[in-house]
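Please have the model open while reading.

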Amino acid sequence: MNETLDTSTTPPAAVKETLLKQILNPRIVQKGAFFLLLLATLLVIVPVGMIVVIIVAKGAPAISWEFLSAMPSRGMRAGGIFPAIIGSIYLVGATIVFAIPVGVFSAIYLVEYAGNTLLTRMVKLAIINLAGVPSIVYGLFGLGLFVIFLGFGPSILAGALTLAIMILPIIITTSKEALDAVPKSFREASLALGASKWQTIRHVVLPNALPGILTGIILGISRAAGETAPILFTVAAFYLPRLPTSVFDQVMVLPYHLFVVSTQIPNIEQSYTYGTALVLVGMVLVTNLAAILLRSKYRKKL
Amino acid sequence: MSKIVARELNAWYDKKCAVKSLSIEINKNEILGIIGPANSGKTTFLRCLNRLNDLEPHFRIEGNVLIDGRDIYAKGADVDALRKRVGMVFALPLPLPMSIYENIVYGPRRQGISARQKLDGIVENSLKEAYLWDEVKDRLDMPAMKLSGGQQQRLCIARALAVEPEIILFDEPSSGLDPISTAKVEEAMLKLKEKYTIVLVTNHTKQAARVSDRVAFFLMGELVEIAPTARMFTNPRDPRTEGYISGKFG
């Protein structure tokens, strides 16, 4: 039965098959796949490149020594953005001071000391989920806890604590992965030589996990430097043409200043807005670069 | 008196029993070779002797292991101190990602030795004992990972010697090595037994025959037979031992 059927349909089926074979030729499939992968990569690169080009093209004319070092004047339409730059540096610096030790230490505890119980698994899951909480929620949390309940008022302290809590999940998750990735064999080799658990962590695990931990810190710092929502109610000043004198002072901060000059001030020169954006992007870039250099230095040491 | 005594030792990973009511005595300054097919509990037994199995989350043990008459699993026993006395060389060479010098002094540094002169002496002595000194004496600052496999393994032996142990556990130390490197490792072992007690787990029956004073045959977590090497290989008492040695299974 089958054979007779086959012979009657042989010519068209054969044609179809060869066509299909040609299309499914491994080399053609491979070319198609490479093209798709390239396309996806280009789709990522092009917008990023355009953002940088536009910001640099429109913002560069505004950059001058005065822009970087003077107080704003004429209702923020002229002068510089000095207090916002300093405010951002203080804020990110304070955030790092809070976030890095707490984040790295808790990651070490979770990986090395906490047992694999239901509770620790839930804690780990909660930390991962915290990374996905919208930043405005952190802002409101900071307002409620630090500004109002603890009475810090809108201040560097309240803002930095809020940002620190926001970036903790990022630092903890990446540090945890870096620590987990240190081969078990390294730990065994160290323990077998009579080193204690802490000595093993301190002299073998941490040095090997450091590049990964630094990656997490880089990501955290970039996020802290660029976010607006968490600082909106906790630290950012609309207009404050002086430098802070203590951690309980409000400060102007670059991301919020950018929001202000681009939406709240009419008749402002476009280059002033883009100049502010350029400085913000530049600052994040410089922090990242510093951390990347640090990381590659430690990688080489291994 | 025996250096190591195990009595009615049972060991489980979760519910899987890896070592079954094992009793064995290991003499001072002998090389005890442990042979047996995969999953026969050789490595588990070895790792009981320096309590490295403690790292496994669901590991359980019953029975006693005595070293110099003291139970190493007794409550309050100092595990770190135990591992100083019982060194280990792993199946794959495991240099830490640091220089040759730093690998050797890793153990001594952790005990608080920091005088450069003393550390230099330790490095030279332990490398000589492991037959590696002449090959690396001019490049001690080189990353240990850049040594050849055989050199790395001898470095690991030297590193274990640097903490001045009394017992050295070898866990299939030549499984990744070429015959010449293997010969060098074995040469080092034969010299070392003058000072140390050595327990050698090996997959190569011939290696056990070459270096051991006595040989133990493990099967399915049980000790089938233990005897002086010559007798073990010429006249095994248990048919299963004979079968394994003559290559009928394994």
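Buried area is the accessible area, found with a 1.4 Å probe, that two parts lose on being put together, summed over both. The structure discussed here is a predicted model.

**The interface**

Between chain A and chain B the buried area is about 1,800 Å². Carbon and sulfur atoms give 64% of that area. On the chain A side, Glu188(A), Ala192(A) and Leu193(A) lose the most area to chain B, and together they make up 35% of what that side buries. The table lists the counts for this interface.

| Item | Value |
|---|---|
| Residues of chain A in the contact | 18 residues |
| Residues of chain B in the contact | 25 residues |
| Salt bridges between chain A and chain B | 2 salt bridges |
| Polar contacts between chain A and chain B | 5 residue pairs |

Glu188(A) also forms a salt bridge with Arg47(B), with 2.5 Å between the closest N and O atoms. Helix H8 (184-192) and helix H9 (197-226) of chain A each supply at least two residues of the side that touches chain B. H8(A) gives the most to that side, with 8 residues.

**Helix H4 of chain B**

Helix H4 (residues 116-129) of chain B has 14 residues, which should span 20 Å at 1.5 Å a residue; the end C-alpha atoms are 20 Å apart, so the two values agree. The buried residues of H4(B) are Leu119(B), Ile122(B), Val123(B), Ser126(B) and Leu127(B). They cover an arc of only 115° around the axis, and therefore lie on the same side of H4(B). These buried residues pack against helix H3 (100-110), helix H5 (133-136) and helix H6 (149-162) of chain B. The face turned away from the buried side carries the exposed residues Gln117(B), Lys118(B) and Asn125(B). After H4(B) comes Tyr131(B), whose phi is positive, near 55°.

Definitions and conventions
Residues numbered from 1 in each chain as written. Chains lettered and ligands numbered in written order. Predicted model: local features only at pLDDT ≥ 70, side-chain atom pairs only at ≥ 80, totals over all residues. Heavy atoms only, no water. Helix = DSSP H or I, 4+ residues; strand = E, 2+ residues; numbered from the N terminus. Expected span 1.5 Å × (residues − 1). Buried < 20%, exposed > 50% of the residue type's maximum accessible area, 1.4 Å probe, protein only. Arc of directions from axis to C-beta. Contact = heavy atoms within 4.5 Å. Salt bridge = Lys/Arg side-chain N within 4 Å of Asp/Glu carboxyl O. Polar contact = N/O pair within 3.5 Å; in protein donor to acceptor, adjacent residues only side chain to side chain.
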